[in-house]
Amino acid sequence: MLVHVLADTSDKLFGLCSVLERQFTVAGERLDVEAKLPHAPAAVVIRADLRSVENIAALKRRALRLAKAGKRIFLVEQTSHVCISQAYALGATLVLPGKIDPTKLMGALSDPAGSEARSPCDISQPDDAVEIGANAIAALFTLVTLGERIDVDGTKEAGRMITNRISEHGLSEWLKTVRRHHEGTYQHCLLVTGIAIDFGLSLGVRKSDLERLSTAAMFHDIGKARIPLAILDKPGRLDNNERALVETHPAVGYDVLKEHGSISSEILDCVRHHHEYLDGSGYPDGLCAENITDIVRILTISDIFAALIEHRQYKPTMPREAAYGILCGMNGKLEKALVSSFKDVALTR
């Protein structure tokens with residue numbers, strides 16, 4: 001398997017090549033030299049400071065060749081939303097933030113379930129939809145972090161493409177593809193969007209309601225753009241102060257989107273209240289059943305299920321059957337009829 005390495009300094013390039021040469025055939029180049037990327041490497045590993053305009057420009061010049069690689073892994077040592085978003089915007093299939101973990105990198109490159117193992121007919125539409133969705137979410141996080149105006153139309157279009165993808169290929173393939181290529185907050189947002197869309201499809205909601213649901217799912221965690229990644233992706237239990245900070249994200253997201261002025265009240269309601277429970281024990285407003293709308297109830301179930309089944313490096317992926325069992329045990333918090341209707345989505349679709 002040929003792995004091509006791109007880096008912005010000689011030290012980074014040689015260090016990374018020396019690690020990968022133990023297991024793979026490796027070719028490397030610095031970003032500031034003429035591009036010599038092989039026509040079809042199985043994987044590309046990029047280690048560069050994405051705060052640098054020159055590095056971003058050098059990667060964009062290689063965009064067409066990079067796109068031919070089945071795996072495009074970015075090692076982003078600056079663990080900020082902006083840098084991770086920039087990596088996905090440049091075409092990353094996986095971002096590994098923070099200090100380099102050789103074991104994790106080798107595992108990502110060796111993963112037989114990755115893009116190298118798929119046939120050409122599997123690659124096009126599934127990965128296109130995932131990439132477009134990931135780029136839309138990454139753009140949202142970047143713009144919120146920078147305090148700039150968000151792209152509502154682009155987010156809606158990404159939601160429509162994900163809807164088409166799931167309508168044609170099903171939820172199970174969506175879940176597998178997302179978990180294969182993405183981690184952390186972006187993985188969660190993509191999972192919630194796919195699950196919510198499939199739930200809406202199974203319920204037979206109108207096309208206009210399905211679009212609102214997909215857009216709400218894309219936006220629902222946008223408040224997390226204001227929370228440090230060290231807390232969001234902490235490999236373990238949060239302390240009380242960290243949990244309190246995370247629990248500000250629905251209200252923060254609501255405030256950010258409300259300022260935009262063109263987002264419907266139904267979507268704003270979803271963003272603010274997707275952690276509310278029918279018994280009043282949720283946050284941020286402690287709403288009770290009569291004040292929680294149907295679309296919020298659907299999104300809440302989708303959000304909880306996605307959190308349970310998402311893949312994290314520090315914990316095993318929970319089987320869908322076990323996750324659905326947890327939903328069934330949340331008596332009084334979730335609408336029983338909706339949880340029952342969700343069974344087919346959770347277990348078989």
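Student: In this predicted model, is Arg-349 buried, partly exposed or exposed?

Tutor: A residue is buried when its relative accessible area is under 20%, and exposed when that area is over 50%. Arg-349 has a relative accessibility of 29%. That value lies between the two cut-offs, so Arg-349 counts as partly exposed.

Student: With which residue does the side chain of Arg-349 meet in a salt bridge?

Tutor: Side chains of opposite charge can pair when their charged atoms come close. For Arg-349, the N to O distance in the salt bridge is 2.6 Å. The partner of Arg-349 is Asp-198.

Student: How many residues apart in sequence are the parts that Asp-198 and Arg-349 tie together?

Tutor: The salt bridge joins the side chains of Asp-198 and Arg-349. Asp-198 belongs to helix H9 (residues 184-203), whereas Arg-349 lies in the segment after helix H18 (343-347). The pair therefore ties together parts whose separation in sequence, in residues, is 151.

Student: Does Asp-198 count as buried or exposed?

Tutor: The cut-off for a buried residue is a relative accessible area under 20%. Asp-198 has a relative accessibility of 2%, so this residue counts as buried.

Student: Which residue forms a salt bridge with Arg-272?

Tutor: The closest N and O atoms of this salt bridge are 2.7 Å apart.

Student: Over the ring of which residue does the charged end of Arg-272 sit?

Tutor: A charge sits over a ring only if it is within 6 Å of the ring centre and within 35 degrees of the ring normal. The charged end of Arg-272 is 5.0 Å from the centre of the ring in question. That ring belongs to Tyr-254.

Student: How many salt bridges does the structure hold?

Tutor: Besides the pairs above, Glu-242 forms a salt bridge with Lys-234, with the closest N and O atoms 2.8 Å apart. Glu-157, Arg-160 and Glu-211 are linked in a network of salt bridges. The number of salt bridges in the structure is 17.

Student: What percentage of the residues of the protein count as buried?

Tutor: The protein has 18 helices and 5 strands. Its accessible surface comes to about 15,400 Å², of which 53% belongs to carbon and sulfur atoms. Of its 349 residues, the share that counts as buried is 52%.

Student: What radius of gyration does the protein have?

Tutor: The C-alpha trace spans about 65 × 40 × 35 Å along its principal axes. For 349 residues, a compact globule would have a radius of gyration near 20 Å. The value for the protein agrees with this expectation, because it is 20 Å.

How values were computed. Residues numbered from 1 in each chain as written. Predicted model: local features only at pLDDT ≥ 70, side-chain atom pairs only at ≥ 80, totals over all residues. Heavy atoms only, no water. Salt bridge = Lys/Arg side-chain N within 4 Å of Asp/Glu carboxyl O. Helix = DSSP H or I, 4+ residues; strand = E, 2+ residues; numbered from the N terminus. Buried < 20%, exposed > 50% of the residue type's maximum accessible area, 1.4 Å probe, protein only. Rg over C-alpha atoms; globule rule 2.2 N^0.38 Å. Areas by Shrake-Rupley, 256 points an atom, 1.4 Å probe, with all protein chains shown as cover.
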